[in-house]
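Please look through the sequence and the structure shown below before reading on.

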Amino acid sequence: MTSAQLPGDPPGGRRAVAVWGLGVAVYFVAITYRTSLGVAGIDAAERFHINASALSTFSILQVLVYAGMQIPVGLMVDRLGTRKVLMLGVVLFTLGQFGFALSRSYPMALGSRALLGCGDAMTFISVLRLGSRWFPARRGPMIAQVAALFGMAGNLVSTLVIARALHSAGWTTTFAGSALGGVAILVLVLLFLKDHPKGFEPAPASHMGADYVRRQIADAWREPGTRLGMWVHFTTQFPAMVFLLLWGMPFLVEAEGLSRATAGQLLTLIVLSNMAVGLVYGQVIARHHAARAPLALGTAGATALLWGAVLLWPSAHAPMWLLIVLCAVLGACGPASMIGFDFARPANPPERIGTASGIVNMGGFTASMTTLLAVGVLLDLTGQNFRIAFASVFVLQALGVIQILRLRGRAHRRERERVVASRVEAVHVPA
């Protein structure tokens with residue numbers, strides 16, 4: 001259990017909640033834009049006259065840009081601070097949403113989604129660093145889980161609001177209207193967001209171009225906690241991400257014979273489960289840090305078990321109760337992936353949190369991108385056999401679990417050494 005405040009910890013309080021809440025609002029808007037395509041797939045296919053393969057390129061490109069930007073964004077956050085990076089992110093994803101609203105051709109729409117993905121990539125790492133600069137370290141797990149919870153709320157906005165607006169107001173009005181939210185949040189960031197509380201400025205770092213970049217990445221990667229966090233994120237996030245982002249609806253409708261309405265309800269169940277489990281995981285980890293690895297491994301194991309039961313069910317279609325349980329368990333994947341940041345955070349000093357978080361965040365999105373491609377290729381090769389295609393999930397999960405088991409002991413020992421050293425410094429203060 002971690003209850004003592006370590007030396008150098010910021011105090012938290014109402015001001016911290018207000019500033020951090022503004023950063024979370026940026027993340028909320030970014031998630032709304034990121035997931036807006038998920039409810040507009042049919043409309044996009046008609047508007048741009050494209051087939052399913054071209055439509056899937058939107059999701060794959062967005063994940064590719066997001067994953068590729070994680071380490072550069074982490075370096076930017078450490079070097080420029082949260083406020084500047086968040087402002088740039090808001091500008092980019094707002095321009096991307098406006099561009100998507102006005103797109104008449106497939107290439108322009110694709111470019112707009114890439115721009116949106118680039119801006120989106122700048123949000124979550126910035127919010128994590130904002131939390132670490134404004135709240136005591138013991139609040140870190142809960143802060144990360146609540147941020148992710150509000151992100152999933154943005155997913156609900158796409159499902160409940162944008163989907164309806166598309167049918168009533170049309171493509172351009174819906175997407176351009178939603179982009180106004182980005183303009184509003186940019187004004188608020190300019191006026192009120194601060195990188196850190198007064199008196200808790202980070203130590204100045206020597207920024208020496210390529211040398212600084214190499215040193216930040218090398219030092220972050222050298223920490224076992226950073227690598228363990230990346231593999232936790234890699235192992236736990238992608239099953240739900242792949243399901244929600246692209247392949248869940250086709251699997252439920254084409255392989256399981258459900259209606260689109262019922263399939264949509266199951267996808268919503270994943271989002272609601274994510275929000276509920278996130279609060280539980282955050283509370284548990286804040287009180288018992290030793291629960292981090294068991295929760296991550298338990299979530300991965302439960303996901304594999306339920307997937308195996310669905311894919312190996314003897315009849316053509318799995319029963320509804322099993323699909324409901326599967327979706328409820330998939331909802332735990334997002335909160336479990338946040339545990340990766342709880343390993344990287346205590347392993348790195350504040351001036352390296354952004355870079356370390358970028359490495360961690362890259363893990364899950366790399367796994368998601370790989371699985372998106374693998375499922376598509378296997379579907380083509382097997383004549384749309386979803387059972388064989390989704391078996392690719394087990395390969396990546398097995399790889400991730402092996403790495404977690406290999407690194408967890410080393411990371412725990414290194415973390416204990418850091419905590420002891422911090423407390424010794426707090427007691428033995430020079431006269």
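His 49 lies in the loop that joins helix 2 (41–48) to helix 3 (52–80). The model is a predicted one, and in it His 49 has a positive phi of about 55°, although this residue is not a glycine. His 49 counts as exposed because its relative accessibility is 71%, and the cut-off for that word is over 50%.

A second residue with a positive phi is Gln 384, where the angle is near 65° and the residue is, again, other than glycine. Gln 384 is placed in the loop between helix 15 (353–381) and helix 16 (386–390). With a relative accessibility of 43%, Gln 384 counts as partly exposed, since that class covers values between the limit for buried, under 20%, and the limit for exposed, over 50%.

Which residues form a nonpolar patch on the surface? The patch is made up of Leu 180, Val 183, Val 187, Leu 188, Leu 190, Leu 191 and Phe 192, and together these residues have about 640 Å² of accessible area. One of them, Leu 180, belongs to helix 8, which covers residues 171–192. Leu 180 counts as exposed, because its relative accessibility is 52% and the word applies to values over 50%.

There is also a positive surface patch, and its members are Arg 406, Arg 410, Arg 413 and Arg 416. Among these, Arg 406 is found in helix 17, which covers residues 392–427. Arg 406 has a relative accessibility of 45% and therefore counts as partly exposed.

How many disulfides does the model contain? The count comes to 0, under a rule that asks for a pair of cysteine sulfur atoms within 2.5 Å.

Are Cys 333 and Cys 118 buried or exposed? Cys 333 has a relative accessibility of 1% and so counts as buried. Cys 118 is buried as well, with a relative accessible area of 17%, because the class takes in values under 20%.

Technical notes. Residues numbered from 1 in each chain as written. Predicted model: local features only at pLDDT ≥ 70, side-chain atom pairs only at ≥ 80, totals over all residues. Heavy atoms only, no water. Patch = residues over 30% accessible without salt bridge, like charges linked within 9 Å, V, L, I, M, F, W, Y side chains within 5 Å. Areas by Shrake-Rupley, 256 points an atom, 1.4 Å probe, with all protein chains shown as cover. Salt bridge = Lys/Arg side-chain N within 4 Å of Asp/Glu carboxyl O. Lys, Arg positive; Asp, Glu negative; His and termini not counted. Charge placed at Lys NZ, Arg CZ, Asp CG, Glu CD. Helix = DSSP H or I, 4+ residues; strand = E, 2+ residues; numbered from the N terminus. Buried < 20%, exposed > 50% of the residue type's maximum accessible area, 1.4 Å probe, protein only.
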